[in-house]
2 protein chains.
Amino acid sequence: MKSLIETITAIQLESPVDKIIGQLKQLITSGQLKPGDRLPAERVLSEKFGVGRSYIREAILKLEFYGLLKTNPQSGTYVAGLSINVIDSIISDIINFNKDDFNALIEARYYLELTAIKLAAERRTSEDVDAIKVALFDYENKINSGASNAVEEDMLFHIKIAKASKNTVIESMILILIPDLIKNIVDNKVCGENRGRSAIPEHRAVLKAIEEKDVEAAEKAMAVHLNEIWEISKAGFATKKIINEL
Amino acid sequence: MKSLIETITAIQLESPVDKIIGQLKQLITSGQLKPGDRLPAERVLSEKFGVGRSYIREAILKLEFYGLLKTNPQSGTYVAGLSINVIDSIISDIINFNKDDFNALIEARYYLELTAIKLAAERRTSEDVDAIKVALFDYENKINSGASNAVEEDMLFHIKIAKASKNTVIESMILILIPDLIKNIVDNKVCGENRGRSAIPEHRAVLKAIEEKDVEAAEKAMAVHLNEIWEISKAGFATKKIINEL
DNA sequence: ATGTTATATTTGGTAAACCAATTAATTGGT
DNA sequence: ACCAATTAATTGGTTTACCAAATATAACAT
């Protein structure tokens, strides 16, 4: 068994990749690298930062996902044509990005789902309704079979609604949040003992509103369904506020 | 000059990484790889899929970002404890992920910003107000200096509001969309000639509402500000609907 | 001098090699 | 037969070497 102090010192505060991203950020903010410029070759950066090229590539890949860099094969990697301030803001956010803020997660999910269901109620096809019905059926079966929770089946129900919104961006955002949501809900045992069963009529109300293309009713039904878990988030933000005001 | 046919055949329909992700998806959906299981070693996958280990690592990295895999150094990579259906849905979404749907982008942005400003009006600190004022000042300067557009400065204004929402998840989502938004707005010349100038009073109304912590007024002011560009998205979805109904 | 072709260099893409930490197997003692 | 300590094999982490495409340079013909 290692001593505690050994374990603590072993933690590295910044991953190599984030360190590189930070360096690139400085290059841009200091004006040494202007928007539209070509980055030094990966090998050069590798040597300059004293790190393997794999990490340079990984960092570039990440920044490319965020639309800040654009790589042209066999030619070079270029800085996006965005203002320095915008690039700086986004990079700072990437480095500090953290899906572990439970309250923020729940809150973001709450508003995303309300948006999704409004759109779904308006645009759903009959195929969407069928898919949602199947998900609802699976959920009720799981609960009635005596399972303690059916978080996964519940999420599947919500995924089908997201798909019915016909907005791929919103759908993707909801899907990105779901694994973390499930983890947090299960770990923290957010839902009470009989929550699974009490959710059934709520689900049915949501389905009914979507089926009838009643946008207002759909939003209301979803708000009711998400209310319990959302209260937790609200309480979290309230606590934060008090702490900040001390 | 290459012939046209050469250029066309050179296009690869699927990147190696997405191909690997697809294979992993099949392994999971076929039951050969169950949630919680450990993945075969990277070297094994590399050989099995007939591709370099770099690509395997890249694919794993991507799936890790989405919360579907978890890598333990020197030990192994494990499938998340999610149901097969959820994993399947998310992987499908990753492969098909596409930020290029302009209408979806605008629409998602519209709703995200309305959410962000409601929260910002409620939670903004005096520092947030100052930061927003600076951004607004920069925007007006740019416009008054005769620049044809100030899309970047406009976005910076919105970034500051997102920060004031105190929800890091929502903030991140808005930041992810911004580079694509800017690109599309500039490329398509979405904004008319004098749009930059007419936006000034709208910005001021937004700021005023945030400063006064007037949630309703803030949301309304933002809706007005985003209205023009949102109309384009609405028209886009309406067109899609007609096409689908043919 | 100028435009064109060959050549050399540089680029990102890809695969392989090496490393340290972890885990499994083996050994030796009881 | 069982447990502890030691060794061997396997793991992901990291660096390096090699490749083909793209670009810059040089050589040549006009």
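Here is a short exchange about chains A and B and DNA strand C in a predicted model.

Residues are numbered from 1 along each chain as its sequence is written, and chains are lettered from A, with ligands numbered from 1, in the order in which they are written. In this predicted model, local features need pLDDT of at least 70 and side-chain atom pairs count only at pLDDT 80 or more, while totals for chains, interfaces and linings use all residues.

Colleague: Which element gives the largest share of the surface near DNA strand C?

Modeller: Near means a C-beta atom, placed from the backbone, within 6 Å. Elements are DSSP runs numbered from the N terminus: helices are H or I, at least four residues, and strands are E, at least two. Helix 3 (42-48) and strand 2 (76-79) of chain A and helix 4 (53-65) of chain B each give two or more residues. The largest share, three residues, belongs to helix 4 of chain B.

Colleague: In the hairpin of strand 1 and strand 2 of chain B, which residue takes a positive phi?

Modeller: The two strands run antiparallel and are joined by four bridges; pairing takes at least two DSSP bridges. Asn72(B) stands opposite Gly76(B). Three residues lie between the strands, and the one with a positive phi near 60 degrees is Gln74(B).

Colleague: What radius of gyration does chain A have?

Modeller: The radius is taken over C-alpha atoms, and the globule rule is 2.2 Å times the number of residues to the power 0.38. For 246 residues, a compact globule would come near 18 Å. Chain A has 23 Å.
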